[in-house]
Amino acid sequence: MPNKLLNKLLFTSSVLMSATVIQAADCENRGVLDEKFCDENYDLVADTPKDQSKWRDPSTLVFTYTPVEDPAVYKDAFSDFQKYLSEATGKKVVYYTVHSNAAEVEALRSGRLHIAGFSTGPTGYAVNLGGLVPIAVKGTADSFQGYNLITIARADSSIYKMDDLKGKVIAHTSASSNSGNLAPRALFPALGITPDEDYKVKYSGKHDQSIMGVLSGDYDAAPVASDVYKRMVSAGRINEADFRTIYTSPRFPTSSFGYAHDLHPDLVAKIKQAFTDFRFPEEMQKTFGGADRFYPVTYKEDWKVIRDIAHASGTAYTKTGLKQLS
C-alpha cells in the first residue's frame with residue numbers, strides 16, 4: 001500500500017477514534033437513552049444540553065395529544081389550555097394532529113414537536129428516542145388520574161371469565177399500547193391465558209376500534225383502557241349494557257405530558273408553570289372524566305410499573321421497537 005494512502009487511512013481512523021472518545025467523555029451516563037441524549041443526573045430522562053447553543057427557543061410552539069379515538073375531539077378539548085400556554089410563554093401555540101404513536105415520537109425526535117401528551121405505553125419510546133421530559137398527567141388536587149386494563153366481551157356472548165378466551169379471536173390495540181397490548185402480555189399468563197398461544201391476537205389500531213369491533217362481532221373480546229371505554233359510554237357512542245367486563249387490572253397512570261429536552265431553560269420554566277397553574281374548564285373536565293388539573297409526576301417514579309410491564313413483555317424502547325411500532 002502506498003505510504004500516502006496508508007497515512008491518510010491512519011489519520012482518518014485516528015480522527016474517528018478521537019471523536020468517539022470525546023463524545024463518550026462528554027456524557028458520563030446515558031443509560032438506555034438514545035445516543036443523542038445524556039442522563040448524568042440519573043433521572044432516566046434526557047438532560048438539557050450542556051452546549052447552550054443547542055438550546056431551542058422557537059417563536060411558535062407545537063403541541064399535540066396522543067392519537068386515541070377521534071383526534072379532532074382532543075384538538076378542541078385542549079383549545080383553552082393552548083391559549084393559556086400561549087399567554088404564559090408569550091409564544092404562538094399551534095396544535096399538530098398526529099395519527100399514530102410512532103409519528104408522534106418521530107415528530108418530537110426531529111424537533112417538529114415541542115410539548116405533547118403521550119399515551120402511557122408510548123411514553124417510554126418518547127423518553128428514550130424523542131427526548132421527552134414528562135412532567136404531568138391529568139388529575140385532581142389529591143392524586144393523578146389513573147386507568148385500568150379491562151377485558152370486555154359482548155354481554156350476549158358465552159365469555160364470562162378469562163379462561164373462556166381460549167381459542168377465540170381477541171383484539172389488541174397496537175404494539176406500544178400499555179393496556180391494549182403490553183399489560184395483557186405481562187399480566188394474562190398469571191391468569192392462565194397467554195396471548196398468541198391460548199388465543200389469536202388481531203391488532204385493531206386503537207382502543208375505540210377494539211371496542212367497536214367487539215360490538216360488531218369482528219372480535220370475541222378485547223383488553224382496552226378503562227378511561228377510553230368510560231368516555232365512549234359517557235359520549236353515547238356505546239351502550240354499557242351491550243358489554244360484559246370479565247377482568248380489571250391494578251391502576252396505571254394515564255397519558256403523560258411533557259416537553260422536548262432541548263428547549264431553553266427559561267422557556268421550560270414558563271411551560272412548567274403553565275401546567276401547574278392551569279385549571280380545566282367545565283367542558284374539559286367532562287371530556288377527561290372529572291380531572292380538573294395537571295398533576296405533577298416523574299418518569300423515574302411514576303412510570304416504573306409501566307417499565308416493569310414492558311420488560312416483562314420483552315418490549316424495549318429502542319429504534320427497532322419504534323420501527324416495529326410504525
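The following questions and answers concern selected features of a predicted model.

Local features need pLDDT of at least 70 and side-chain atom pairs count only at pLDDT 80 or more, while totals for chains, interfaces and linings use all residues. Residues are numbered from 1 along each chain as its sequence is written, and side-chain values use heavy atoms, with hydrogens and water left out.

Visitor: Which residues form a disulfide, and what is the distance between their sulfur atoms?
Guide: A disulfide is taken as a pair of cysteine sulfur atoms within 2.5 Å, and a search of the whole structure finds 1. Cys27 and Cys38 are 11 residues apart, both in the loop between H1 and E1; helices (H or I, at least four residues) and strands (E, at least two) are DSSP runs, numbered from the N terminus. The disulfide is formed by Cys27 and Cys38, with their sulfur atoms 2.0 Å apart.

Visitor: Is the disulfide of Cys27 and Cys38 right-handed or left-handed?
Guide: The handedness follows from the torsion about the S-S bond. For Cys27 and Cys38 this torsion is about 105 degrees, so the disulfide is right-handed.

Visitor: Is Tyr42 buried, partly exposed or exposed?
Guide: Tyr42 lies in the loop between helix H1 (3-26) and strand E1 (60-65), and its phi is positive, near 55 degrees. Buried means under 20% relative accessible area, exposed over 50%, and partly exposed in between (1.4 Å probe, protein chains only). Because its relative accessibility is 49%, Tyr42 counts as partly exposed.

Visitor: What is the phi of Leu44?
Guide: Most residues other than glycine have a negative phi. Leu44, in the loop between H1 and E1, has a positive one, near 75 degrees.

Visitor: How are H3 and H9 oriented to each other?
Guide: Axes are lines fitted to C-alpha atoms, for helices over the stretch in contact (heavy atoms within 4.5 Å), and angles run from 0 to 180 degrees between N-to-C directions. Helix H3 (residues 79-89) and helix H9 (residues 265-277) pack at about 140 degrees, with axes 9 Å apart. Angles under 35 degrees count as roughly parallel, over 145 as roughly antiparallel, 65 to 115 as roughly perpendicular and the rest as oblique. H3 is therefore oblique to H9.

Visitor: How many residues has the largest nonpolar core?
Guide: Such a core is a set of buried Ala, Val, Leu, Ile, Met, Phe, Trp, Tyr and Cys residues joined through side-chain atoms within 4.5 Å. Phe294 is among those with the most contacts inside the largest core, and the residues that Phe294 touches include Phe78 and Phe275. The largest nonpolar core has 88 residues.

Notes. Lists of a residue's contacts leave out its neighbours within four places in sequence.
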